[in-house]
Amino acid sequence: MNLRPKPTTLLLAALFSGVLAAHAQLSIPSDGSDGAFNPTTNIEINLGLATTALWNSPGSGNGVYDPDKWAVVFKYSSVNIPAGVTVTFKNHPTYAPVVWLVQGDVTIAGTLNLKGADGTSDSVRALIPTEPGPGGFRGGARGPGGVSWGYGPGGGGRGLYYGSYGNPQVIPLIAGSGGSSGSMSGGAGGGGILIATQNIISVGGTIDARGGTDFGGSSAAGSGGAVKLIANSVGGSGTITTQTTGGNPGRIRIESFSLATTLNVFPETIAVPPAATPILWPAANAPTARVVSVDNVNAPLDPSAPVIAAADVPIQNSGQVNILIETKNFPIEGVVQLFVIPKFAARSTLTATRLSGDITSAIWRVQTTLPQGFVTLQARATQP
């Protein structure tokens, strides 16, 4: 039994509220402890090398992974990706998104690649769900056992993808969902990245967080990811894109006092003046939902959903099981659902019944018979 990593709750928010302060120095919590990021050749950043620690702990070049924030956080002194240089990522075991907190300027003249992998018709590679960009969700696998829906809050069914999810503020940092498999495996979701500096972000190259495509097969493309930039000004004549052919376009948010008209942004967006201390994370009292146990076996607090060779929760019960979901800061009038996604079959959506608790903390139950093989569970809570 596999449990998809956080976030498991969609949070709704307005684009912005209140009156924003006039132009002011931004406060970005970066101590520069990961040094200057200035690659001279193509490089893959292995997010699995990050130290597990609080997000504001000092880094040592590989960033820190904070399970509570579900993010790999780098604190750079400056960033300079030269023309002709491509930066890619190897996913953290939990598929967490990336956060760059930078003291100085950020220059991206080359390529920052967070694109989800394309679907494949290769009979061996299609047995494994397609790899997303960091923070994204996997595309559906295809094999002798059948085909599957994509993973994530907007994971697609056969030949389908779902509409937008998350919110315009991109808090939390939710990246792209995967597409379903068909004649080939489904495209994976694009990744998610937050880049914040008190100075300037200049994009003369490309930030690519598109979802993976299916090259015209009967499977579905992955959704575009999420790119959030916070800076005094954002300029350049390059391209920032989460726009995926055949899939959901993803989200781009730019918090800046100025945005160059020469910058190509797909889908298009406007610049929103940032707060003096920008909001990076959901509030401490934000609503959450998570699977806490399956058939009386406790689920890990930080699941990885490997769906191959191992599982977060091993279950050996072919009969009905109880699956418990915990919500916090969530109204009991809301709806709690469970996505059950077999590795080689269609997704089912089950509605949970509240057993106990209140808006502060409550326990909900789903009773079902789980299919054989690897199954991913994902909780979803919708406010009334």
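Strands here are DSSP runs of E with at least two residues, numbered from the N terminus. The model is predicted, so local features need pLDDT of at least 70 and side-chain atom pairs count only at pLDDT 80 or more, while totals for chains, interfaces and linings use all residues. Residues are numbered from 1 along each chain as its sequence is written, and side-chain values use heavy atoms, with hydrogens and water left out.

β15 pairs with two strands. Strand β10 (residues 106–108) runs parallel to β15, joined by three bridges. Pairing requires at least two DSSP bridges between the strands. Val106 has Ile201 of β15 as its bridge partner. Strand β18 (residues 233–235) also pairs with β15 in the parallel sense, over three bridges. Here Ser202 is partnered by Gly235 of β18.

Gly189 lies in the loop between β13 (146–147) and β14 (192–197). Gly189 counts as buried because its relative accessibility is 0%; buried means under 20% relative accessible area, exposed over 50%, and partly exposed in between, with a 1.4 Å probe and protein chains only. Leaving out residues up to four places away in sequence, Gly189 touches several residues, including Pro132, Phe137 and Ser223. Contact means heavy atoms within 4.5 Å. Arg210 is 21 residues from Gly189 along the chain, yet their C-alpha atoms are separated by 7.3 Å.

Ile308 is found in another setting, the loop between β24 (297–298) and β25 (320–328). Ile308 counts as partly exposed because its relative accessibility is 42%.

Definitions and conventions: Helices (H or I, at least four residues) and strands (E, at least two) are DSSP runs, numbered from the N terminus.
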